[in-house]
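Biologist: Could you walk me through the aromatic rings in this one? I'm new to this, so please go slowly.

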Amino acid sequence: TLHNTYYSPYLLAPTAKRMQGPQFMLYLCIITIALLSSCCVALYEQDEDVHTFANKSEFKSKVLDSDGVWLVQFYAPWCGHCKNLQPTWSHTASMLKGIVNLGAVDAATEGPQMHIAASYAVGGFPTIQIFGADKQNPEEYNGQRNAQSLIQTALDNVVKVVSARVNESIPGSGGGSQSSKDSKVVGLNGSNFQEKVLNNPEVSMVAFIAPWCGHCKALLPEWETASTRLEGKGAFLGTVDATTEQSLAQEYGVEGFPTVKIFPGGANKSHSDARDYHGGRSAQDIVSAALDEVDRTGVPKEIPEITGDGVFKETCEGSNKICVLVGLPHILDSMASGRNKYKETIAAVAKKFRGGGAFEFAWFEGGSQFDLEDTLELTFGFPAVVAVSLDKNAYVVLRGSFNEKSVSRFLTSISTGRQGTVPLRKIPEIADVEPWDGLDGTPIEEEPLEDIMGWDDEDEL
């Protein structure tokens, strides 16, 4: 080859006698072109450990369709920095052989390889792209160009790929995809932690985990169950994979796994507001801890009023869910003070049963939901309480008095299976009504009989 070799014109040329005039000048041009091209030959064509690519199709099959991690250098043969990197790149490729693949693409010479580089916005030479778990969105390498830094980066990305694969089988971990359709666990990372946790007015509990951690694997099913019970109650659960979100874990002083932090209610929180959770790791323990924090710093869930079909479905639909519907007297019968006392009773009962996950509560004004009242046989006056399971097509009406103790005993008998039920013959139709404005009702003024009948004093005479 011509590369890195000095060539004497006399070794390649005809004898001096034959090199005369224009013939000699042509000879010099040929030699000059050969020498110039010798400095621009591909840098890695003869390297057994650095992969090169004939065209985009080969690049796709080797890199984009592969399961492994790739580091690909886009270079120019005439680039001094690229030439300086060549021995380091080759050495790194040999050290990582069989673990991480290193490739090289000539991005400056017209041809198929330049077409490969065109897809990756190469703005300078050398440009190094890391093709990790997401091959369609490679990450640009901006670290030092020595073997140690390159090897460390490659191995870090191997860990990320392995973690991502493990996370696919761990509920609630990674970037938010859940292996269980019922899970409400929020996957947290450095890019969404501020929005999801610190700026969120709800209470949150965050578990910092590692995919290989046995205690974490034991926690996560309980974590997932607790997350569904907390839905809509002013608190949520999240997870952070501390092996890939190392800076986030360091910020919160994570030294072992799992580490659980409780964040109080209210927006605009900071990392100093978090405190360690050292309680039990059963779903019930987790729910109780979250709801206790809601009582202290959060906003407890308001018992909704059934004003339309949407509220009814949100309260009652779902597997293993029992909705407790409370019919309250008309506002003219109880006025605002009486209604608020009834609502306080409902809230007190709901608080007792909120950690169990089965019961959801809602109220409506008696007489406003005719089909609901008829279907559930609420024909004896208000207040009235009925528990409904759409999942099991059954319901049961409270036949006792309306107070905290009586309603609590009623629900306990349902949860322990001691309460008989009635088959639900159909799903009631829910009417759209205006929500209560919190004020006393205004009595309807009755027109005098004289005005209705059109009488006057002269008629009476």
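Biologist: How many aromatic pairs does the structure hold?

Modeller: The structure holds 17 aromatic pairs, where rings of Phe, Tyr and Trp (its six-membered ring) pair if their centres lie within 6.5 Å, and planes under 30 degrees apart count as stacked, over 60 as edge-to-face and the rest as tilted. This is a predicted model, in which local features need pLDDT of at least 70 and side-chain atom pairs count only at pLDDT 80 or more, while totals for chains, interfaces and linings use all residues. Residues are numbered from 1 along each chain as its sequence is written, and side-chain values use heavy atoms, with hydrogens and water left out.

Biologist: What kind of pair do Tyr252 and Phe263 form?

Modeller: Tyr252 and Phe263 form an edge-to-face pair, with 5.7 Å centre to centre and 75 degrees between the planes.

Biologist: And are those two buried or exposed?

Modeller: Both Tyr252 and Phe263 are buried, where buried means under 20% relative accessible area, exposed over 50% and partly exposed in between (1.4 Å probe, protein chains only).

Biologist: What about Phe364 and Phe382, how are their rings placed?

Modeller: They are edge-to-face as well, at 6.4 Å centre to centre and 85 degrees between the planes. Phe364 is buried, with a relative accessible area of 0%, whereas Phe382 is partly exposed, at 26%.

Biologist: New topic: which rings are linked into a cluster?

Modeller: Ring pairs link Phe53, Phe59, Trp70, Phe74, Tyr120 and Phe131 into a cluster.
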